[in-house]
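Subject: Structure handover

Hello,

Here is the structure I promised to pass on. Please open it alongside this message; my notes follow below.

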Amino acid sequence: MENRTSFFHLHLISDSTGETLISAGRAASVQFHASQPIEHVYPLIRNRKQLLPVLEAIDHSPGIVLYTIVDRELADFIAERCREMGVPSVNVLEPVMNVFQTYLGTASRRRVGAQHVMNADYFARIEALNFTMDHDDGQMPDDYDDADVVIIGISRTSKTPTSIYLANRGIKTANIPIVHGVPLPESLARATKPLIVGLVATTDRISQVRENRILGTTPGFDRGGYTDRAAISEELKYARSLCARHNWPIIDVTRRSIEETAAAIVALRPKLR
C-alpha cells in the first residue's frame, strides 16, 4: 500500500524571533513521519493589536498552536481564544519556567527577548564567528593556538558547517583539510590550547557526497580520483593514521547531523582538559 503524507497547520506565535518555537515545533513534528506541518510563523507579537489578525488566521486554518509569550495576560488571551476555536495550544516556555521558579524559589523577570540581549556572550559569539570564517579551510595557520577547537578531515566530512555551528555557540573553531601525503601545518603540532578533532566517514558516504557535489570547471580537476572508492579509502586511512600518531580523537560523522557532531565535540572538551 502506498504511504501517503497528510498535512496539518502548525501556528507558531512568538514575542521574539520565533527561533525557539521553530526548533521545538520541528523537533516534535519530525517524530510523525506520515504528517507534515504547514508552518505559520508569527514573530514579534507583543500586544493584542498585533495578535488579533494572527488569531483570525488560526481560525481560518485551524491546527496546532505553539506560543512563547512572556506577557502573562497576552498568553492567557491566546489560550482562551484557542479554547473558543477548539484548537489545541501550548505555551511552550511556561512549564519550563514553572520548574525554574519552583526550584529557584523566585519569580522570573518575564523580559521579552532576553536571550538576544547584546551582552558579553553575544559579542563572544560574534568574535568566534569572525575567527572561524578567517580560519576556514586551512587559512591563517599561525593562529591555531588561539582557537578553542581545530577540526581536521578529508574533503566532504562537514568541517566547515560544523565549525560555523560551534562558532555560533561562542567556540572559536578552525578547520584544516587533510590531503593524502601532504603534511599538516607545523603550527598545529605546536598548538597547546585547542582541542584537535579528526572527522571521518565511511568510504561509501564520502563517495556519495562527492558525487552529488556541484563541481566547477577547474582545469585539470580529476573527478574520477575524487570519487574513486579506493582513493577515498586511502585518504581515510591516512587521516586516521595522522590522528593516531598525535593521539587526536576521531568522530565518525557518517550518520551524524551537524548538530550531533558539534555536540560530540563539545562533550570532548572537558574530558581532554
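Where is Thr-157 found? Thr-157 sits in the loop between strand 5 and helix 6. Keep in mind that this is a predicted model.

Thr-157 is buried, with a relative accessible area of 0%. Leaving out residues up to four places away in sequence, Thr-157 touches Leu-199, Val-200, Ile-206 and Val-253. Ser-155 also has its place in the loop between strand 5 and helix 6 (159-167). Ser-155 has a relative accessible area of 22%. The cut-off for buried is under 20%, and exposed means over 50%, so Ser-155 counts as partly exposed. An unreviewed UniProt entry lists residues under "binding site", including Ser-155 and Thr-157. Gly-153, Arg-156 and Lys-159 are also among those in that record.

Four strands make an open sheet, in the order 2-1-3-4, with parallel pairing. Strand 2 (35-42) and strand 4 (89-91) are at the edges. Each has a single partner strand, so one side of each has no neighbour in the sheet. From one strand to the next, the twist averages 20°.

Strand 1 (residues 6-14) and strand 3 (residues 63-68) run parallel and are joined by six bridges. Ser-14 stands opposite Thr-68 in strand 3. Helix 3 (residues 72-85) packs on the sheet and touches strand 1, strand 3 and strand 4. Helix 2 (residues 48-60) lies across strand 1, strand 2 and strand 3. The direction of helix 2 is at about 170° to strand 1.

In helix 1 (residues 19-29), Leu-21, Gly-25 and Ser-29 are buried. Seen down the helix axis, the buried residues fall within an arc of 50°, so they line one face of helix 1. Strand 1, strand 2 and strand 3 are among what covers them.

**The cores**

The largest nonpolar core has 35 residues. Val-150, Ile-152 and Leu-184 are among those that touch the most other members. Strand 5 (149-153) and helix 11 (258-271) are among the elements that each supply at least two residues of this core. Helix 10 gives the most, with six residues. Leu-184 touches Ile-152, Ile-176, Pro-177, Ile-178, Leu-242 and Trp-248, setting aside residues up to four places away in sequence. A second, separate core has 17 residues, including Ile-13, Tyr-42, Ile-78 and Cys-82.

Best wishes

Notes: Residues are numbered from 1 along each chain as its sequence is written. This is a predicted model: local features need pLDDT of at least 70, side-chain atom pairs count only at pLDDT 80 or more; totals for chains, interfaces and linings use all residues. Side-chain values use heavy atoms; hydrogens and water are left out. Two strands pair if DSSP finds at least two bridges between them. Axes are lines fitted to C-alpha atoms, for helices over the stretch in contact, and angles run from 0 to 180 degrees between N-to-C directions. Contact means heavy atoms within 4.5 Å. A nonpolar core is a set of buried Ala, Val, Leu, Ile, Met, Phe, Trp, Tyr and Cys residues joined through side-chain atoms within 4.5 Å. Buried means under 20% relative accessible area, exposed over 50%, partly exposed in between (1.4 Å probe, protein chains only). The arc is that of the directions from the helix axis to the C-beta atoms. UniProt positions are given in the numbering used here, feature names are shortened, and annotations may be inferred rather than shown by experiment.
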